[in-house]
Amino acid sequence: MSAKIYGTPVVQGVAYGTSAWINRPALPPESAPYLPDHVREDEVGRFLEASDAVANGLFEKASHTDGEAAEVLIMTASMATDRAWTKDVSTRIRSGIPALQAVMAATERFVIQFETAGGLMAERVTDLRDVRDRVLARLQGIPEPGIPDLDTPFILLADDLSPADTAGLDPATCLGIATKFGGPTSHTSIISRQLGIPCIVAARGLGEVHNGQAVLLDATQGTISTGIDEDEAAERVRLDRDRATKVSQWSGPARTADGVNIDLLANVADPQSSHRAHDAGLAKGVGLLRTELAFLKTSVEPSVDEQTRIYVEALEPWAGHKVVIRTLDAGSDKPVPYATLRDEPNPALGVRGIRTTGPFPKVLPNQLDAIAVAAMASPEVDVWVMAPMVSTLSEAEWFVSLVAERNETFGVSLKAGIMIEVPATAILIDQFLEVVDFVSIGTNDLTQYTMATDRESADLAEYSDPWQPAPLALIKHIAQAGVRAGKPVGVCGEAAADPLLAAVLVGMGVTSLSMASGAIAGVGALLADHTLDECRTGADAVIGAHDGADARYRVRVALGLLSARG
Ligand code: PEP
Ligand code: MG
């Protein structure tokens, strides 16, 4: 019997192999008879010994790992000996609850706290539960949960992966990963990106796949299929290898198969990443300098001189090219200490981006002064500046007037634009385009606000998918308005880094795509294989799509990347 399960692809690639579920022992019963007084202290000792052993084991694993994987392992190890958690468990044991049940109850209390905090904290729930399972295993004298010990290559399936599960994962044996939960920023995604293992998250129906079944994981489409003919599976893996080879060989310049130039730009965060993106040699400039990321740990607003120094350094490699500097997108998921309101009940819908100029009126004028002086010191660089989170025409007009003042005062020619991240702005795009020189679509936030979904929510990854028909319809509306107005429309959200979606965006009329510089070759290689007309056919194919998965499928068929049954 064949079955197809859909999820959100986070690392491209196609793999075929035997499924292997991560082994997780069943949880003990939630309640158990009370402990007599005289054994309670011993039980606390037993728990502390178990949690110490878990932490030590994880620290040990971290010492054999490096990069982000080591960091997340150390963080998980620290959870096992976290004072608040161990104290909560110990107090419960001292009140007579056996260690197993005390560990489960205390963990659930922290899970609720993390989930209530939302965002990145909520994504740490998997780590917390992993620590719980390890301590429970130690207390019961059984092996800690983990990756099955197999000699043959496998496709790893799990509810979600913790860092401890994935440390030491070998891409030679683990061909692909699929999880029921997790989002694009969860550990599963981070680790699979780091290891280059094709990966799909948020595949809710994954439970239908049994251990040991032959599985075709297609993380270009976001599907996990069983019951596929072996020859067909082998052919799809081969085609994907060809794609990967083309990507590794692509060296630009970026153009469609019929020779239409497309600007592929880099997203950077600070001078270091700007230099790295330049040295990688594929980006045609910078499409998004997220200035707030350089100041996330800065408690007092840096002086204009200090900011100027940072911007000059970031501009330095890009003589003869364009660099789009975004003014501070403080607030919500990027809480710059000197420009963020504390304790907002709903920060994503609150004072963020250009709205912070209400409570912090000096910050934007100072930043624009610094950008103008940096542009003056970098005459060879074409400096554009844009404001995030613009939702009204007055904000756009005001921002443009501030930039015009700097152009006059400092004798520079900064172009003034806005990000399109709010549906209100997307809907009225024609009016905004009359005011600004250019726009850049922030698909991460545009999707978040269109779908009414916290972009950080691990539980709602399928809603935060820019392939959803509604954000795609808005993007098309914006791009077509740009074509009519003859003004540049870029995309600088994650959508630009998805090669298939990039072709759709080009087909819609988007003029530049900005992404993490490591993603440029993948996008460039796919565009090189398709004419502008094919990209337009891809853009038309998403009209009427039922959901994100259907939109992906339709575009693959339209671009001839899939047989009708695939
Ligand atoms: C976006 O929202 O798509 C974007 C590029 O901005 P950020 O991800 O920094 O909010
Ligand atoms: Mg944004």
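**Helix packing and a metal site**

Modeller: Helices H20 and H21 are roughly antiparallel to each other, because their axes cross at roughly 150 degrees and anything over 145 falls in that class. Keep in mind that this is a predicted model.

Colleague: Which residues make up H20 and H21, and within what distance do their axes come?

Modeller: H20 covers residues 532-541 and H21 covers residues 548-558. The two axes come within 8 Å.

Colleague: Is the crossing of H20 and H21 left-handed or right-handed?

Modeller: H20 passes H21 in a right-handed crossing.

Colleague: And which residues meet there?

Modeller: From H20 there are Thr 537, Gly 538 and Ala 541, and they meet Arg 554, Val 555 and Ala 558 of H21. Sorted by class, that contact has three nonpolar residues, two polar and one charged.

Colleague: New topic. What are the protein donors of the magnesium ion, ligand 2?

Modeller: Glu 421, through OE, and Asp 445, through OD, lying 2.0 Å from the ion.

Colleague: Where in the chain do Glu 421 and Asp 445 sit?

Modeller: Glu 421 is in the loop between strand E13 (415-420) and helix H14 (423-427), while Asp 445 is in helix H16 (residues 443-451). They are 24 residues apart.

Colleague: Are Glu 421 and Asp 445 buried or exposed?

Modeller: Both are buried.

Colleague: What about Pro 253, buried or exposed?

Modeller: Pro 253 counts as exposed, because its relative accessibility is 52% and the cut-off is over 50%. Pro 253 lies in the loop between helix H9 (230-249) and strand E9 (263-268).

Note on methods:
Residues are numbered from 1 along each chain as its sequence is written. Chains are lettered from A and ligands numbered from 1 in the order in which they are written. This is a predicted model: local features need pLDDT of at least 70, side-chain atom pairs count only at pLDDT 80 or more; totals for chains, interfaces and linings use all residues. Side-chain values use heavy atoms; hydrogens and water are left out. Axes are lines fitted to C-alpha atoms, for helices over the stretch in contact, and angles run from 0 to 180 degrees between N-to-C directions. Helices (H or I, at least four residues) and strands (E, at least two) are DSSP runs, numbered from the N terminus. Angles under 35 degrees count as roughly parallel, over 145 as roughly antiparallel, 65 to 115 as roughly perpendicular and the rest as oblique. A crossing is left-handed if the near helix is turned anticlockwise from the far one by less than a right angle, and right-handed if clockwise. Contact means heavy atoms within 4.5 Å. Ala, Val, Leu, Ile, Met, Phe, Trp, Tyr, Cys and Pro count as nonpolar, Asp, Glu, Lys and Arg as charged, and the others, Gly among them, as polar. Donors are N, O and S atoms within 2.8 Å of the metal (3.2 Å for Na, K and Ca); water is not among the atoms, so sites may look incomplete. Buried means under 20% relative accessible area, exposed over 50%, partly exposed in between (1.4 Å probe, protein chains only).
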